[in-house]
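Here's a quick briefing to read with the model open. Have a look at the coordinates first, then come back for the notes.

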Amino acid sequence: MFINKMGTYHSSYGINNQDVGFTIEMKDSNVNRVSVILDGCSEALHPDVGAGVFALLFKSMLQEMEHVSFDKIVNAAIGCFRHVMENVINDEFDPSILEDYMLFTLFILVEDDTSWRVAIIGDGCLIFQGNENKISILPINHSETPPYMAYQYIPTCKAYTDEPSDVFMSMLGSLTFTFNKMFYKKNDFKAIGIASDGLMAIIGSNEEEIFKQLLVARNEAGMKRFINKLNLENNERGGFFKDDVTVII
Amino acid sequence: MQSNGIKVDGMDEIDAQNTPVDDLETEDVNLFFLGIDQSGSMDMFQSEMRKALVDFKRAIENSKEAQKILVARANFSTRLAIGGYKKIGELDVDYQSNGMTVLYDTIIEGTDKLFVYMEHLKQQGVRVKAAFALFSDGLDTASNHTCYAAKDTVKKLNDREIVTAFISFGPEAMQEANDLGFKNVLEVGRTDSELRRALNVLSKSAISNSKSVVNKTGDFFEQ
């Protein structure tokens, strides 16, 4: 089930949907499936562009990989990000390009025969479907300032934590990215999904139970209509899902 | 009762007449109103029309857009029978001609039903596009409504950016279609092969309009 809907704040103000996501079935591999969500920074100009480029490259890398493991996939994501950055950064490089185009979170869910493994830089939500079909939504790293990977390349950025450097090219390949990693056994859950932080709007609302029912039913079209309907009904207060929302389960 | 557990008064009847929202397999649909002239002047084309309708149905069924297209067939002669918006597999391909032509009534009552279902779908979060197409070989001869009222209705369709399309089977209905304000008017010859071509154009146009992000209000016909 794949949902990707533009938030009402974005549609009202003519800002692109900045969530990007995909799922890929891995063939001839120890891993069954990889799902990825990238959530662009709302305040940035066009993070959807950087996220889209990254997603395309990362997906094509995954398609080519054989005998993969969770760690190899995470490393491939880092390698993919560095590859994108190497093509953006040069001697006359303007760091504002990164702030405009490359600020996005990275949320990876890897499923094999016995487990789900999660790696995340930034925020989002984990969705758990228990063996009794009970759905729980768990916010991860919820924060107004996610540690976007591109911050590592922007010395002037307030969120930049390393020593500033004037020589950007020399930094490539040496930076470290800190992922939060989680591991869940298949015996403990019927399914696990991931979502962008736009899903936070449903938590604790009167509509949460209906949302969960649609999730359990894997009613993708019904879920999309439900989101549209909620936004329409809450039009006077600017919609229900103001931020973009992506759900993969 | 909707799948989301919300009960909405008066909506069960709309769902019963048309395709219930819960039966839709997509979040967006393209409604296609197909009004077909069944007046006596079409007698000699009955067999060909049945074949053309079979082809029309098959073309949409075999397209990638099939899940998104709901067709309401309206048969008009002396009487008017407007069906609900149904999945293409449910389209009736029978054809019997007889009697006069209630063209204006078809436009007005067909539009009313279209607007009701459109609004119903929108309230349920469905994204809706619509096309209103008529196939006729002649002038109105028996409507209860006036030409003025029909013209006003076509304007309402156009104002809501719903595709308005008219296929004139022979030259007689051309002027009427233009006077009524249809934005897409196509004249085809009054022959078997042209009839087949007309329905072929309609199926291709319905599919193409469904693929389009916005309604092809001014360039609907795909020939």
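This is a predicted model: local features need pLDDT of at least 70, side-chain atom pairs count only at pLDDT 80 or more; totals for chains, interfaces and linings use all residues.

Residues are numbered from 1 along each chain as its sequence is written, chains are lettered from A and ligands numbered from 1 in the order in which they are written, and side-chain values use heavy atoms, with hydrogens and water left out.

**Confidence**

- For the complex, the predictor gives an ipTM of 0.82 and a pTM of 0.86.

**Chain B fold**

- Chain B has six helices and seven strands; these are DSSP runs numbered from the N terminus, with helices being H or I of at least four residues and strands E of at least two.
- Along the sequence, the pattern of chain B is α-β-α-β-β-β-α-β-α-β-α-β-α.
- Chain B is as compact as a globular protein of its length, because its radius of gyration is 17 Å, close to the 17 Å that the globule rule gives for 223 residues (taken over C-alpha atoms; the rule is 2.2 Å times the number of residues to the power 0.38).
- The box filled by the C-alpha atoms of chain B is roughly 50 × 35 × 30 Å along the principal axes.

**Helix pair α2/α3, chain A**

- Helix α2 (residues 47-64) of chain A packs on helix α3 (residues 70-88) of chain A at about 135°, axes 10 Å apart; axes are lines fitted to C-alpha atoms, for helices over the stretch in contact, and angles run from 0 to 180 degrees between N-to-C directions.
- That angle makes α2(A) oblique to α3(A) (under 35 degrees is roughly parallel, over 145 roughly antiparallel, 65 to 115 roughly perpendicular, the rest oblique).
- Residues of α2(A) including A:Phe54 and A:Phe58 meet residues of α3(A), among them A:Cys80 and A:His83.
- By class, the contact of α2(A) with α3(A) has 12 nonpolar, one polar and no charged residues; Ala, Val, Leu, Ile, Met, Phe, Trp, Tyr, Cys and Pro count as nonpolar, Asp, Glu, Lys and Arg as charged, and the others, Gly among them, as polar.

**Helix pair α6/α7, chain A**

- Helix α6 (residues 208-217) of chain A and helix α7 (residues 220-233) of chain A pack at about 160°, with axes 8 Å apart.
- α6(A) and α7(A) are therefore roughly antiparallel.

Technical notes:
Contact means heavy atoms within 4.5 Å.
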